[in-house]
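Please read it alongside the sequence and the structure shown here.

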Amino acid sequence: MENLDYRYQPDVNDDYLCPDIMVVCDRRHLKSGAYSGVPKFIAETVSQSTARRDRSEKKDIYEKWG
């Protein structure tokens, strides 16, 4: 799917990230263009404009939430 949001703490708030690549296997957590389970794989394409956020904030969130 294109533009699938990753809701990493859906029980707490509506925060989400938009990974460049995300592989999910459990369709039960897929709702309305968002995934709220633990993805099998996430990848970010790092560019000059996104490198700082991809390597810090997003990486930290992905590590913390599985």
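Helices of at least four residues and strands of at least two are DSSP runs, numbered from the N terminus. In this predicted model, Lys-40 belongs to the loop that runs between strand E4 (34-35) and strand E5 (41-43). Lys-40 counts as exposed because its relative accessibility is 63%, where exposed means over 50%.

The aromatic rings form a second topic. The structure holds 3 aromatic pairs, and two of them are set out here.

| Pair | Distance of ring centres | Angle of planes | Class |
|---|---|---|---|
| Tyr-6 and Tyr-8 | 6.1 Å | 50 degrees | tilted |
| Tyr-8 and Trp-65 | 6.2 Å | 40 degrees | tilted |

The pair of Tyr-8 and Trp-65 links distant parts of the chain, 57 residues apart: Tyr-8 is in the loop between strand E1 (5-6) and strand E2 (21-23), whereas Trp-65 is in the segment after helix H1 (51-64).

Which residues do the ring pairs link into a cluster? The cluster comprises Tyr-6, Tyr-8, Tyr-62 and Trp-65. Within it, Tyr-6 is buried, with a relative accessible area of 1%, and Tyr-8 is also buried, at 11% relative accessibility, whereas Trp-65 counts as partly exposed because its relative accessibility is 29%.

How values were computed: Residues numbered from 1 in each chain as written. Predicted model: local features only at pLDDT ≥ 70, side-chain atom pairs only at ≥ 80, totals over all residues. Heavy atoms only, no water. Buried < 20%, exposed > 50% of the residue type's maximum accessible area, 1.4 Å probe, protein only. Phe/Tyr/Trp six-rings, centres within 6.5 Å; stacked < 30°, edge-to-face > 60°.
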